[in-house]
Amino acid sequence: NASARPFFKMSATGAYVTKEPVADILKKGLAEALQKNDFIGGDSGRYELHGDLQLFDGGVINGFWKTTAKAQITVRFELVEKNSGQPVWHDTFTGQTTKDFVFANKDFYASLFSDAATELAKRLIADKTFRSFFE
């Protein structure tokens, strides 16, 4: 349903050291995933999808034989009907991943958080209630 496709917005608070704000990076990736799955049709759709970045965190678990890095991204989503401005759906999703490593550099961590964002997008797209607004 082309008229049901949402326009996507993302917000966040806090400080993260990246070239672009983390919320903008996440917004671009999620918008691409939604578009590839026929959810976003631009600004003319019936809904706006708002996202509030709740958690962007990582950590390292040191073991005897290996070291594991963990990334976690949590976003609270809200689907708002444009005409009324009223929310019609909301939920919070978490994407997380772990990877073992010997040496970690910025490319490793970029890949780690990219995988967590991909998992987050998959969970949103798979949500039956969210999908029902576009069928």
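Predicted model: local features only at pLDDT ≥ 70, side-chain atom pairs only at ≥ 80, totals over all residues.
The protein chain comprises 135 residues, and buried residues make up 33% of them. Three helices and four strands are found in the chain, and, read from the N terminus on, these elements follow one another in the order β-α-β-β-β-α-α.

The pairing of the strands may be described by starting with β2 and β3. Strand β2 covers residues 47-62 and strand β3 covers residues 67-81, and the two run antiparallel, joined by 15 bridges. Together, β2 and β3 form a hairpin in which four residues lie between the strands. Among the pairs that can be located in this part of the structure, G51 stands opposite F77 of β3, while H50 stands opposite E78, which also belongs to β3.

Strand β3 is paired with β4 as well, again in the antiparallel sense, and this pairing extends over 14 bridges. E78, which stands opposite H50, also has H90 of β4 opposite it, and R76 has T92 as its bridge partner in β4. The hairpin of β3 and β4 has five residues between the strands, and in this hairpin G85 takes a positive phi near 75°. As a general point for reading such pairings, the side chains of a regular strand alternate between the two faces of the sheet.

Two threonines illustrate the surroundings of residues within these strands. T67 lies in strand β3, and its relative accessible area is 18%, so that T67 is classed as buried, the cut-off being under 20%. When its neighbours within four places in sequence are left aside, T67 is in contact with V60, I61 and N62, and also with K99, D100 and F101. Residues up to four places away in sequence not being counted, T97 touches A69, K70 and A71, together with L112, D115 and A116.

One of the residues touched by T97, namely D115, is found in helix α2. Apart from residues up to four places away in sequence, D115 touches T97 and K99. The C-alpha atoms of D115 and T98 are separated by 9.0 Å, although these residues are 17 residues apart along the chain.

Helix α2 also packs against another helix. Helix α1, formed by residues 22-36, and helix α2, formed by residues 106-126, pack at an angle of about 45°, and their axes are 10 Å apart. That angle makes α1 oblique to α2, and the crossing of the two helices is right-handed. On the side of α1 the contact is made by L26, L30, A33 and L34, and on the side of α2 by A117, L120, A121, L124 and I125. The residues of this contact divide into nine nonpolar, no polar and no charged.

A104 is found in the loop between β4 and α2, and at 22% relative accessibility A104 counts as partly exposed. The C-alpha atom of A104 is separated by 8.9 Å from that of A69, with the two residues 35 residues apart along the chain. T129, in turn, is found in helix α3, which is formed by residues 128-132. At 44% relative accessibility, T129 also counts as partly exposed, and the distance from T129 to D91, C-alpha to C-alpha, is 9.7 Å, while the two are 38 residues apart in sequence.

Terms used
Residues numbered from 1 in each chain as written. Heavy atoms only, no water. Axes fitted to C-alpha atoms, helices over the stretch in contact; angles between N-to-C directions. Parallel < 35°, antiparallel > 145°, perpendicular 65-115°, else oblique. Left-handed = near helix turned anticlockwise from the far one by under 90°. Contact = heavy atoms within 4.5 Å. Nonpolar A, V, L, I, M, F, W, Y, C, P; charged D, E, K, R; others polar. Pairing = 2+ DSSP bridges. Buried < 20%, exposed > 50% of the residue type's maximum accessible area, 1.4 Å probe, protein only.
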